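Try each one yourself before reading its solution.

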Amino acid sequence: MSRKLRKTISNLTQRSLITHNNPMSPISEQYRTIRTNIQFSSIDKQYKTLLVTSAGQGEGKSTTVANLAVVLAQQGKRVLLVDGDLRKPTVHYTFRVSNIQGMTSVLTKQLTFEDAVQKTNVEHLYVLPSGPIPPNPSELLNSKAMEALVEDANSKYDYVLFDSPPVLAVTDAQILSNRCDGVVLVASSGRTEKEEALKAKELLENANAKILGVVLNGKETNDRNYSYYYGSK
C-alpha cells in the first residue's frame with residue numbers, strides 16, 4: 001500500500017470517529033442522543049445486542065455503529081463492536097487493527113473468541129474484526145457456532161454491536177437481526193429511497209427483528225453541519 005493511500009485511509013477513519021476525535025461537536029451530541037434513546041427503549045427489556053444496518057450501500061451504517069460504540073464506551077460500559085459484514089468489512093480500517101484473524105477464525109474453530117477480540121485506543125471499547133472473507137458468509141452467520149459466539153459475547157460485555165451488510169443486498173442482516181435484541185436502521189437523507197427503506201423494514205420484521213428506530217444521517221442543517229436523528233419506526 002502506498003504512503004499516499006495510507007494517509008487517505010487514515011484521514012477518512014479519523015473523520016468517521018468524530019465522537020472520539022471531537023466529542024464536543026454537535027454531531028457527537030447527536031450520537032449521544034441516539035445512545036440515550038436506545039437506553040430509554042430498554043426500560044422493560046435490556047437491549048444488549050444491537051444490529052446496525054441500512055437498506056443499501058453508502059448510507060452510513062458503519063460510521064453510525066462505530067460512533068455509537070464509542071459513546072456507549074464513554075459511559076464506562078464494556079462494549080464489543082463485531083464486524084458482521086463478511087463481504088466488505090470496514091471495522092479494522094476504522095479502528096486500525098489487524099484483520100488477519102477475526103470472527104471467521106472463531107466460527108471455523110481456528111481461534112478462540114478471547115484471542116480474536118482486540119482492544120482499541122478507546123477506553124472500554126473492543127472490536128472483533130471480520131477475519132478472512134469466507135466463501136459462505138450467510139451459512140457461517142446462520143450456524144450453531146455463531147449462536148455460541150453471540151452468547152459468549154453477551155456474557156462478557158455490557159453491549160455487543162454488530163455491523164452488517166445492507167438489508168437489500170444479501171440475507172446476512174436478516175440472519176443477524178434474529179440473533180440480536182434490537183435493530184437500528186440507518187437511512188441517508190437524499191440518498192435512501194422511501195420504497196427501499198420500507199422494503200428493508202419489511203424484510204427485517206419478517207425475520208422477527210425488533211426495530212428500535214431509524215437514524216437519518218446526512219441531513220444538512222442551516223449551519224452546514226450534518227446532523228443525525230433518531231426516530232421511531
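**Exercise 1.** Work out how much accessible surface the protein has and what share belongs to carbon and sulfur atoms.

*Solution.* Start with the total: the accessible surface is about 11400 Å², computed by the Shrake-Rupley method with a 1.4 Å probe. Then take the share: carbon and sulfur atoms account for 49% of that surface. A word on the source: this is a predicted model, where local features need pLDDT of at least 70, side-chain atom pairs count only at pLDDT 80 or more, and totals for chains, interfaces and linings use all residues. Residues are numbered from 1 along each chain as its sequence is written, and side-chain values use heavy atoms, leaving out hydrogens and water.

**Exercise 2.** Find D163 and decide whether it's buried or exposed.

*Solution.* Next, check its accessibility: D163 counts as buried because its relative accessibility is 0% (buried means under 20% relative accessible area, exposed over 50%, with a 1.4 Å probe and protein chains only). Finally, look at who's around: leaving aside residues up to four places away in sequence, D163 touches V52, K61 and L176, among others (contact means heavy atoms within 4.5 Å).

**Exercise 3.** Sort out which residues of α11 are buried and which exposed ones lie on the face turned away.

*Solution.* Begin with the buried ones: A200, L203 and L204. They share one side of α11, because they cover an arc of only 100° around the axis (taken from the directions from the helix axis to the C-beta atoms).

Methods: Helices (H or I, at least four residues) and strands (E, at least two) are DSSP runs, numbered from the N terminus.
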